[in-house]
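Work through the exercises below with the model open. Try each task before reading its solution.

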Amino acid sequence: MHTDTPLMPPSPRPSPPLARRLARLAWWVRGLALLGSLVLLALPAWIVTAGPDQAEPIQGLFGGHVVGLSDGGLTPAVRWRLAGVTVLPISLALLALWQLWCLFGAYRLGDVFGRQPVAHLRRFGWALVALALAQPVSTSLASVAVSLDNGPGRRMLVVQLGSQDYALLMCALVVVALGRVIAEAARLAEDNEGFV
């Protein structure tokens, strides 16, 4: 039976040693992505339920100065507001980890230069860009959330840009650029295979 369905050109396949190395690496990356996702999902609940003397992870998330902005300490209301502030960066980080999970799932199966893994790589890069831009915003929102119950003239809005924000943004843009380069290389390889 004959069909007129156009055939998709096969994506360039990596060499067998590369595919084997990527398959081993994929298990590790996917495991770490899963672990990171579980920790991120538990973080808002931890912020709300942690004891009053457990501020280290909050300081790690928003900077040590943020916790000290509250005149009344980390009250339950402050903790709920901080948990709400984490929703945006956690969502973006989960999106990035999901794209990484899918990307290395394709690598594990030996698909390195196909359209799907390249799309996942680019989406991973854009999720990192969004995360790099959202982190300073969430730190500013955290300063407001912590100092909201302070008296008049004691409420704070802290705007902070650090070298880690710059480094994350630069790395994210490099990943986006690599995704575009790999997509173009895969397209050229497909075109060359069509001439044979």
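Predicted model: local features only at pLDDT ≥ 70, side-chain atom pairs only at ≥ 80, totals over all residues.

Residues are numbered from 1 along each chain as its sequence is written, and side-chain values use heavy atoms, with hydrogens and water left out.

**Exercise 1. The chain as a whole**

Task: state how many helices and strands the chain has, and what share of its residues is buried.

Solution: 
- Count the elements: 7 helices and 0 strands. Helices (H or I, at least four residues) and strands (E, at least two) are DSSP runs, numbered from the N terminus.
- Read the order from the N terminus: α-α-α-α-α-α-α.
- Take burial next: 40% of the 196 residues count as buried. Buried means under 20% relative accessible area, exposed over 50%, and partly exposed in between (1.4 Å probe, protein chains only).
- Sort the contacts (heavy atoms within 4.5 Å). Of those between residues at least 6 apart in sequence, 78% join residues at least 24 apart.

**Exercise 2. S140**

Task: explain why S140 counts as buried, and list its contacts.

Solution: 
- Locate S140: helix 6, residues 115–147.
- Its relative accessible area is 12%, so S140 is buried.
- Leave out residues up to four places away in sequence; S140 then touches L157, V158 and V159.

**Exercise 3. The nonpolar patch**

Task: find which residues make the nonpolar surface patch, and which helix gives the most to it.

Solution: 
- The patch is made by W126, Y166, M170 and L173 and covers about 430 Å². Patch residues have over 30% relative accessible area and no salt bridge; like charges are joined within 9 Å, nonpolar side chains (Val, Leu, Ile, Met, Phe, Trp, Tyr) within 5 Å.
- Helix 7, residues 163–195, gives the most, with 3 residues.
- L173 is found in helix 7. Its relative accessibility is 39%, so L173 counts as partly exposed.

**Exercise 4. D165**

Task: what surrounds D165, and how far away is the nearest side chain of opposite charge?

Solution: 
- D165 is buried yet has no salt bridge (a side-chain nitrogen of Lys or Arg within 4 Å of a carboxyl oxygen of Asp or Glu).
- The nearest side chain of opposite charge is R81, 22 Å away. Lys and Arg count as positive, Asp and Glu as negative; His and the chain ends are not counted.
- A polar atom of the D165 side chain lies 2.9 Å from the backbone nitrogen of G162.
- Beyond four places in sequence, D165 touches A132, Q135, P136 and Q160.

Terms used: Areas by Shrake-Rupley, 256 points an atom, 1.4 Å probe, with all protein chains shown as cover. Polar contact = N/O pair within 3.5 Å; in protein donor to acceptor, adjacent residues only side chain to side chain.
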